[in-house]
Amino acid sequence: MADTEQAGTQQDPEKGAGKAAATAAAKAERTAGRLAGRIGAFAKAHGGAEGQVAHLGRRGARIVLVGADGDWGDLVAPSYEIAEQAVGKAGITVHESFDGEFAGKVRTGPYEWSRMAGLQLGGPRNG
């Protein structure tokens, strides 16, 4: 058999890279949308919400949420950029750091206090 080359079977490397980038961007957009939905649900359940985005290194970014009622929660995004997109889509106020007036809005309960005390004292104590 003779070797033949068919027209149009070779892929343009730039097209392949562009397609991969478009796929990655679409995936990031969907992820940000899902996170924004969860942020919105938290805000609705707690009378509004504010947040702060923090780097987690290779793991991504942590979105800390504080509700108007003082309850708090957090989400992890695969990247800082996706976390920023998510809080932007959700339309919440985002703080640069978790301190001062923003941190003062957090309402903690017995569980958090016992955990904090346990960590300071070398771990939880049994009876």
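**Notes on the predicted model**

1. Strands E1 and E2 run antiparallel and are joined by 7 bridges, and I would start from this pairing, bearing in mind that the model is a predicted one. Within the pairing, His55 has Ala61 of E2 as its bridge partner. The hairpin that E1 and E2 form has 5 residues between the strands, and in it Gly57 takes a positive phi near 75°.

2. E1 also pairs with strand E4, which covers residues 93-95, and here the two strands run parallel, with 3 bridges between them. In this second pairing, Glu50 stands opposite Thr93 of E4. E1 is mostly covered, since 5 of its 7 residues are buried.

3. The largest nonpolar core has 18 residues, and Ile39, Ile63 and Leu65 are those with the most contacts inside it. Two or more residues each are given to this core by helix H1 (13-45), strand E1 (49-55), strand E2 (61-67), strand E3 (72-77) and helix H2. The largest share, 6 residues, comes from H1.

4. Leu65 deserves a separate look, and its contacts, leaving aside neighbours within four places in sequence, are with Ile39, Phe42, Glu50, Gly51, Asp71, Trp72, Gly73, Leu75 and Ile92. One of these partners, Ile39, is itself listed with Leu65 among the residues that have the most contacts inside the core.

5. Helix H2, residues 80-90, has as its buried residues Ile82, Ala83, Ala86 and Val87. Seen down the axis of H2, these buried residues fall within an arc of 135°, and they therefore line one face of the helix. On the face of H2 that is turned away from the buried side, the exposed residues are Glu81 and Gly88. Just after H2, Gly91 takes a positive phi of about 75°.

6. Leaving aside neighbours within four places in sequence, Thr31 is in contact with Pro78 and Ile82, and Ile82 is one of the buried residues of H2.

Notes
Residues numbered from 1 in each chain as written. Predicted model: local features only at pLDDT ≥ 70, side-chain atom pairs only at ≥ 80, totals over all residues. Heavy atoms only, no water. Buried < 20%, exposed > 50% of the residue type's maximum accessible area, 1.4 Å probe, protein only. Helix = DSSP H or I, 4+ residues; strand = E, 2+ residues; numbered from the N terminus. Arc of directions from axis to C-beta. Core = buried A, V, L, I, M, F, W, Y, C linked by side-chain atoms within 4.5 Å. Contact = heavy atoms within 4.5 Å. Pairing = 2+ DSSP bridges.
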